[in-house]
Amino acid sequence: MISYVPKIIYVDPSVLNSPITKHILASYPDIPVEMSATQPKFLNEADRFKDPLLEGKKRLWITKNNGKLLKKCGASTSRLSNMVCCNYYILDFAFNCHFECVYCFLQEYTNQPLMIVYANIEEMLASIQETLDCSTSNHIRIGTGEMADSLALDHVTGFSKHLVPFFAKQKRAFLELKTKSTEIGHLLNLDPKGQTVIAWSVNPESYVSQFDLKTASLEERILAAHQCVKAGYKVAFHLDPIIALPDWKGAYQDLIDQLLDQFEPAWLSLGALRFNKTLKNIIRKRFPRNPIVTGEMITAPDGKKRYVRPLRQDLYQTLLSYIQRKTKKVPTYFCMETETVWQKTVGYQPASEQDLEAHIVSSVALSS
Ligand code: SF4
């Protein structure tokens, strides 16, 4: 795994006194710092670089998120395409990631090629509390791993030191920290009281080395998961994106056996590879020889490129059979899939997003 070291840090003066800002600046005592009340001018100059995305990642901007801090997952708000949703909330704490997963959708944000950390942590916690106070759900899942990896910079930002204790006091909410890193140092000194789940996105090791560039290897992720279990955390795994290379059956069987021989995850999710058309062109440009864009894909009603439905069903049915050979106790769901795929694969679809949400958290809700 490659550690992140920026070449410059821009700081918005409005968050200079935030504990997150202080944590970052103390972590990088030798990196030049520039105060910047407006967006750094690099954003207007990025186009002159051969790979603006790569160049932008070398610059870290600590600022304030003035938008909606806690929002519903994109799938939950896309009603047009009959997606089955799980009532997931996302805390917008950062944007961009120094890892280079070939399929990462963040590459599409070509006008924002900076590493951005939002440091207004107090407002984030207040926003979560307000949502919890207004919600009638008994098991809200809130994650941070949508526009950034949840933990890749945690040793630098210290976000988990605020979030884990906050959720430890909650009775009706779970925090999910989703990652491909091993940055769990802060977590090991905190008591999650059953309310934080650490989730690793995983793929067979040979896929990780081809597609999850600069991330922790599968073996390193598994070792980190063991350390988290020992420290009192529940762990979960996302087999996402599932990639249909010619050897996928054997590769995923080995992966699932490896995981379920060692862990009883809080949940497992399955999500077949998908991306927007524009992303396909970006991948071709940035990773010209990568095999990820070579398979046959169709444009689905949600506008995304996806494997054809029979292949997706085959992927899900096969992986589910591997899981069920090992255990029937782990809640498993499809991420961002259509009602038709649910029906044709498992013969039903969740009655509502609350129904699916309750299914996913059933193992942690019982034990907390
Ligand atoms: S870890 Fe996640 S956010 Fe980071 S590059 Fe990979 S897919 Fe993107």
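Helix H9 passes helix H10 in a right-handed crossing, meaning that the near helix is turned clockwise from the far one by less than a right angle. The axes of H9 (residues 218-230) and H10 come within 12 Å and cross at roughly 15°; axes here are lines fitted to C-alpha atoms over the stretch in contact, with angles running from 0 to 180 degrees between N-to-C directions. That makes H9 roughly parallel to H10, a label for angles under 35 degrees. The residues in contact (heavy atoms within 4.5 Å) are listed here.

| Helix | Contact residues |
|---|---|
| H9 | Leu218, Ile222, His226 |
| H10 | Leu255, Gln258, Leu259, Gln262 |

A word on the model: it is predicted, with local features needing pLDDT of at least 70 and side-chain atom pairs pLDDT 80 or more, while totals for chains, interfaces and linings use all residues. Residues are numbered from 1 along each chain, and side-chain values use heavy atoms, leaving out hydrogens and water.

Of its 127 residues, Ile128, Trp200, Phe237 and Leu239 touch the most other members. Beyond four places in sequence, Ile128 contacts Leu70, Leu91, Ile142, Leu163, Phe166 and Phe167.

Now to the strands: an open sheet of 5 has the order E2-E1-E3-E9-E7, with mixed pairing (at least two DSSP bridges per pair; strands are DSSP E runs of at least two residues, helices H or I runs of at least four). Its edge strands are E2 (33-35) and E7 (94-95).

Definitions and conventions:
A nonpolar core is a set of buried Ala, Val, Leu, Ile, Met, Phe, Trp, Tyr and Cys residues joined through side-chain atoms within 4.5 Å. Buried means under 20% relative accessible area, exposed over 50%, partly exposed in between (1.4 Å probe, protein chains only). Angles under 35 degrees count as roughly parallel, over 145 as roughly antiparallel, 65 to 115 as roughly perpendicular and the rest as oblique.
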